[in-house]
Amino acid sequence: MPLASLQVCDNPAQKITQTGLYAQNPTRLGNWIAVVGVRKDRTENGVDGSSTNKSDAVSYRAGLMYEFATGFTPYFSYGESFIPVVGQTSPARGSQGFDPQQGRQYEVGFKYQPAGAGFAINGAIYDLIENNHLESDPDNANYSVQSGGIRAHGVELAVTGKVTQNLKVVGAYSYTEAEYDGADPLAGNQIGSVPKHLASLWGVWEFDQPALKGWSVGAGVRYIGTSWDSTNTLAVPDVTLFDAMVAYEEENWRWQITAQNLEDEEVITTCLSRGDCFLGEARTIITSLTYKY
């Protein structure tokens, strides 16, 4: 495309200011542990040439757990959120700043790690509601719009443990029912690009032979379930990916090389209702060197 035919646009400047004050009190009484907190926030979201959105809210959080002598710790938590949103609507929609996202979540779960045991199990069931959720603008892919809200509930389970003295295994699974909610025109549809099923399994072998002391190798598999566009018309296919790593560690430093998507699978991460889809990462190899002092 000739440079002369390219259109240059200048988005209005945006300024977001947030001030907050919070207090939190953790308490322990015997085997009971409680946390209670409150926060007061005020935000101003202004875009040049448009009116400034002013919002304020008081949000609360609370948690309660009990530690049994067996290593089993059930808990309940409640939390509210109030988060400013960076960005603005398209010029056709007035280049307006977005309202803050607000939500609340209930969660019931447990942590289980017997004393002296080489494994731990965590599980949780949750229910959350979020308002002013961002969605792709159906009229302009370069911008977003705010939906009426979303509701999600699901289950999460994670297991970490040593199978042998040398082999450590980490497994996780989550199931998520996430739908547009309230007055949103898409109410009842599964939220775009959010799969219901996610699972992973990773194993790391640490060598203890004198000649290989400090070396470890690992391999893992990830499953990403089917998801949809916001109208639940276009399916994003599920995919299984394989990863691997090699590392060497001494007292003060660690070197690691990690390969993700070993088979170089074509991964589609998102499809939009207008018909275009986006690719995820191809085979990726990353190395790092860390010094601890």
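Guide: We'll take the cysteines, then some strands, then the surface. Keep in mind that this is a predicted model.

Visitor: How many disulfides does a search of the whole structure find?

Guide: The search turns up 1 disulfide. Cys 271 and Cys 277 form it, with their sulfur atoms 2.0 Å apart.

Visitor: Remind me, what is a disulfide?

Guide: A covalent bond between the sulfur atoms of two cysteines.

Visitor: Is the link of Cys 271 and Cys 277 right-handed or left-handed?

Guide: Right-handed, with 105° about the S-S bond.

Visitor: Is Cys 271 buried or exposed?

Guide: Buried, because its relative accessible area is 5% and the cut-off for buried is under 20%.

Visitor: And how does Cys 277 count?

Guide: As partly exposed, because its relative accessibility is 38%. That class sits between the buried limit of 20% and the exposed limit of 50%.

Visitor: Which strands pair around there?

Guide: Strand E17, residues 268-271, pairs with strand E18, residues 277-279. The sense is antiparallel, over 3 bridges. Cys 271 has Cys 277 in E18 as its bridge partner.

Visitor: New topic. How does E1 join E2?

Guide: E1 covers residues 14-29 and E2 covers residues 32-47. They run antiparallel, joined by 16 bridges. Gln 14 stands opposite Val 47 in E2. This hairpin has 2 residues between the strands, and Gly 30 takes a positive phi near 65°.

Visitor: And what does E2 do with E3?

Guide: E2 pairs with E3, residues 53-66, over 14 bridges. That pairing is antiparallel too. Glu 44 has Lys 54 in E3 as its bridge partner. The hairpin of E2 and E3 has 5 residues between the strands, and Gly 49 in its turn has a positive phi of about 90°.

Visitor: Where does Trp 205 lie?

Guide: In strand E11, residues 197-206.

Visitor: Why does Trp 205 count as partly exposed?

Guide: Because its relative accessibility is 34%. That also puts Trp 205 over the 30% cut-off for patch residues.

How values were computed. Residues numbered from 1 in each chain as written. Predicted model: local features only at pLDDT ≥ 70, side-chain atom pairs only at ≥ 80, totals over all residues. Heavy atoms only, no water. Helix = DSSP H or I, 4+ residues; strand = E, 2+ residues; numbered from the N terminus. Buried < 20%, exposed > 50% of the residue type's maximum accessible area, 1.4 Å probe, protein only. Pairing = 2+ DSSP bridges. Disulfide = S-S within 2.5 Å.
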